[in-house]
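Subject: Structure for your review

Hello,

Here is the structure I said I would send. My notes on what turned up in it follow below.

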Amino acid sequence: MFYRIRDILFAIFGLLIFSGVFIVFVPLLALTQQRVFFVQQRTGYRGKPFWLIKFSTLRDILPGEREEDDQRKRLTILGRFLRKFSFDELPQLWNVLMGEMSIVGPRPLIHEYLDLYSTEQRRRFEVRPVSQAGRRSMAATPSALPSGFNWMFGTSKIAASCWT
């Protein structure tokens with residue numbers, strides 16, 4: 001119960017503090033791109049899907065391009081700025097306020113990969129996933145941080161994000 005109250009207070013405080021960012025960037029994104037928000041289905045607490053919200057930082061795919069192509073080519077100038085200061089993650093505070101994410105926990109993964117996890121790897125869904133809003137260094141559980149979580153790939157990264 002304490003953790004949920006902490007999350008609510010943090011989300012409200014963060015949304016109030018960074019409301020100026022929303023006031024500035026929502027109209028700029030609306031003028032320069034076709035969409036303001038990037039929304040993607042992720043897996044949350046107890047394996048329940050939810051819609052993760054971020055500011056859109058990439059231009060839309062042009063004819064002849066594929067989603068898998070180098071995203072750096074699609075990164076807009078405004079998007080580069082938003083990512084540099086992690087402002088693109090601020091809308092996730094809404095996910096925290098709605099109870100879909102938390103301030104501390106494992107990073108939420110794409111929902112379509114849910115069936116690929118082993119029983120041990122599914123332990124990550126015993127807690128709410130973490131919001132990345134200005135908190136890139138806490139994207140993993142505390143046990144994963146000293147082991148170089150940001151440089152891990154694939155199953156190593158998933159295993160490190162489970163509580164041990």
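Leaving aside neighbours within four places in sequence, which residues is Lys54 in contact with? Before the reply, please note that this is a predicted model.

Lys54

The residues in contact with Lys54, once those sequence neighbours are left out, are Val36, Phe37, Phe38, Asp88, Glu89, Pro91 and Gln92. Lys54 itself belongs to strand E2, which spans residues 49–55. Its relative accessibility is 18%. Buried means under 20%, so Lys54 counts as buried.

The chain as a whole

The protein chain has 5 helices and 3 strands. Read from the N terminus, the order of the elements is α-α-β-β-α-α-β-α. The chain has 164 residues, and 41% of them count as buried. If you take the contacts between residues at least 6 apart in sequence, 61% of these join residues at least 24 apart.

Helix H3

Helix H3 covers residues 77–84, and its buried residues are Leu78, Gly79 and Leu82. Why do these sit on the same side of H3? They cover an arc of only 100° around the axis, and that puts them on the same side. On the other side of H3, Ile77 and Lys84 are exposed.

What covers the buried residues of H3? The cover includes helix H2 (19–32) and E2. E2 is also the strand that holds Lys54. After H3 comes Ser86, with a positive phi near 60°.

The second largest pocket

I also looked at the second largest pocket, which holds about 240 Å³ of space. Its lining is made up of 13 residues. Nearest the centre of this pocket lie Tyr3, Arg6, Ser102, Val127 and Arg128. By type, the lining divides into 6 nonpolar, 5 charged and 2 polar residues.

That is what I have for now.

Regards

Conventions
Residues are numbered from 1 along each chain as its sequence is written. This is a predicted model: local features need pLDDT of at least 70, side-chain atom pairs count only at pLDDT 80 or more; totals for chains, interfaces and linings use all residues. Side-chain values use heavy atoms; hydrogens and water are left out. On a 1 Å grid over the protein atoms alone, a cavity is a set of points where a 1.4 Å probe fits but cannot get out, and a pocket is an open set with protein on both sides within 12 Å along at least five of seven lines; lining residues have an atom within 4 Å of a point. Grid points are joined across faces, edges and corners, and a volume is the space filled by probe spheres set on the points. Ala, Val, Leu, Ile, Met, Phe, Trp, Tyr, Cys and Pro count as nonpolar, Asp, Glu, Lys and Arg as charged, and the others, Gly among them, as polar. Helices (H or I, at least four residues) and strands (E, at least two) are DSSP runs, numbered from the N terminus. Buried means under 20% relative accessible area, exposed over 50%, partly exposed in between (1.4 Å probe, protein chains only). Contact means heavy atoms within 4.5 Å. The arc is that of the directions from the helix axis to the C-beta atoms.
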